[in-house]
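User: I'm new to this one. Can you walk me through it?

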Amino acid sequence: MNISHIEEIESNKPVTVVIVGAGHRSLLYASYAEKHPDQLQIVGVVEPNPIRRKLTAEQFDLDDNCCFETVEQLAKAPKIADAVINGTMDDLHVETTIPLLQVGYDVLLEKPIATSEENMLKLYQTAREYKRTVMVCHVLRYAPFYKAIREVVASGDIGDIVNIQTTEHVSYHHMAVSFIRGKWNSEEKCKSSMLMAKCCHDLDIVTWMVGNQPKKVSSFGSLMQFKPENAPLGAGKRCMVDCQIEENCAYSARKHYIEQGRWGFYVWDNSHLGMEQNTNQKIEALRSDSPYGRCVWHCDNDVVDHQSVIIEFNNGCTATHNMVGATSRPCRTIHIVGTKGEITGILEDGSFVIRHPDPRKGHEYSEKRITVDVTDDSHGGGDLLLVADFVRIMRGEEPSLSSTSLEKSIYGHQIGFAAERSRLEGRTMGIDEIN
Ligand SMILES: NC(=O)c1ccc[n+]([C@@H]2O[C@H](COP(=O)([O-])OP(=O)(O)OC[C@H]3O[C@@H](n4cnc5c(N)ncnc54)[C@H](O)[C@@H]3O)[C@@H](O)[C@H]2O)c1
């Protein structure tokens, strides 16, 4: 990890940052500054959307000359902050980060690092060349659940890892809002596969636990469910316009976005910046032109709704990750088998179990349950703990167990890129083939 900024930031001063892309994620991370003004201060914004730029400037009381439409404008101006939080959409991460690295900004970068292996390596080389820190928002590393498991692994209690099985179940309402109706529903549009958009966290967790580089990857998966030929009898094109089964449909836009009020920050523009539409306006939008009012069987989605990945690491360890969309309950599970014991748990349950063989007469194995705090913050509590760690790193403090260098963050992404190639080409991919 590059620590060239240590001399630049006095440890008792807040780290100053510019928001790049005033969307839902950046504003969530920026909320840390409101809770801990002694640690983090938002001093500028880069945002092409004039409404978002203005609302962000008002929220953080920013000077006009610290509000920019493009990163090129920020890069040309005298340096105004220690770092930036880059929360632009997936395919803009590299082009909006490189010019800022070149003029001396460190970066807290949303995942995925890039939408192609080639661009990911370009960003990595630039960060090395300009000796800047890029910390990737692998928030799950900070969730107390995964951090506690990593501590057990690091202690040697279960020996060397032989195999890891992870799953991510993406709930029916999350699947619908993001991968059927929403921003990540088509690779052509957003440039990310569903595996990269949803599970680059899980693939990072696997590589973090194993602590080794991936060697080979195989993957299978497809879009099975959400296509016109599977539409139930009576389904229309828009839930609140021409559907005869809306009242009993699990995917009713009215139920998800009005009755339940789920996923407002995706569905209602600028709601993350405090702009709210009233119920009548929301109903009208879902009836007319909102993409979120569409029938889930009649959208323009082409990403998979389930995918399985098999990985072999350089040290011989193997792993599987299963991503399954449209489940009743959202959940992430992990099962790690080591040479001396095993760990198994479900993130949403907030606990995991450590087992060891116990060959004494009348016994088979010992079992210890560890309970962790799963707060109501998303990602098992990881989001703002990640920002706290970024502040620590920027102040030159020792990296934590969860801290991830760009170099290490890349391993999980390599698996994701290789898995997508494997799925499409129907063969096992060597990691060296995708470089
Ligand atoms: N870490 C996580 O767990 C997690 C969870 C959800 C999303 N994400 C990632 O966060 C990123 C942002 O997602 P979001 O939902 O907040 O997006 P968003 O669409 O709400 O925000 C993106 C913002 O970037 C702005 N923008 C567009 N072009 C720009 C440019 N050239 N320069 C600066 N700003 C520009 C847009 O106008 C918009 O305001 C995505 O890459 C997504 O994959 C990460």
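User: How far is the side chain of H93 from an oxygen atom of the ligand?

Analyst: 3.0 Å, taken from an N or O atom in the H93 side chain.

User: How much of the ligand does the protein cover?

Analyst: The protein covers 87% of the 870 Å² of accessible area that the ligand has on its own. Areas come from the Shrake-Rupley method with a 1.4 Å probe; for residues, only the protein chains shown count as cover.

User: Before I go on, what are the ground rules?

Analyst: This is a predicted model: local features need pLDDT of at least 70, side-chain atom pairs count only at pLDDT 80 or more, and totals for chains, interfaces and linings use all residues. Residues are numbered from 1 along each chain as its sequence is written, and side-chain values use heavy atoms, with hydrogens and water left out.

User: Back to the ligand. What does D90 do there?

Analyst: A polar side-chain atom of D90 lies 2.6 Å from a ligand oxygen. H24 uses its backbone instead: a polar atom there is 3.1 Å from an oxygen of the ligand.

User: How many residues surround the ligand?

Analyst: 27, and the closest are R25, E47, R52, D90 and K183. Near means that a heavy atom of the residue lies within 4 Å of the molecule or strand.

User: What classes are they?

Analyst: 11 are nonpolar, 9 polar and 7 charged. Ala, Val, Leu, Ile, Met, Phe, Trp, Tyr, Cys and Pro count as nonpolar, Asp, Glu, Lys and Arg as charged, and the others, Gly among them, as polar.

User: Which element gives the most to that shell?

Analyst: α1, with 3 residues. Helices (H or I, at least four residues) and strands (E, at least two) are DSSP runs, numbered from the N terminus.

User: Now the sheets. In what order do the strands of the parallel one run?

Analyst: It is an open sheet of 6 strands, β3-β2-β1-β4-β5-β6. Its edge strands are β3 (67-68) and β6 (134-136), each pairing on one side only. Two strands pair if DSSP finds at least two bridges between them.

User: How many bridges join β4 to β5?

Analyst: 4, with β4 covering residues 83-86. I85 has L108 as its bridge partner, and N86 stands opposite L109.

User: Which way do the β5 residues point?

Analyst: D106 and L108 point one way, V107 and L109 the other, and all are buried. In a regular strand the side chains alternate between the two faces of the sheet.

User: Why is D106 called buried?

Analyst: Because its relative accessibility is 0%. Buried means under 20% relative accessible area, exposed over 50%, partly exposed in between (1.4 Å probe, protein chains only). The D106 side chain also reaches the backbone nitrogen of T133, at 2.7 Å.

User: What about the other sheet?

Analyst: That open sheet has 9 strands, β14-β13-β12-β11-β7-β10-β9-β8-β15, with mixed pairing. Within it, β8 (residues 214-222) and β9 (residues 306-313) run antiparallel, joined by 8 bridges. There S222 stands opposite H306.

User: Last topic. How many disulfides are there?

Analyst: 0 across the whole structure, counting a disulfide as a pair of cysteine sulfur atoms within 2.5 Å. For C66, the nearest cysteine sulfur is that of C67, 6.8 Å away.

Conventions. Polar contact = N/O pair within 3.5 Å; in protein donor to acceptor, adjacent residues only side chain to side chain.
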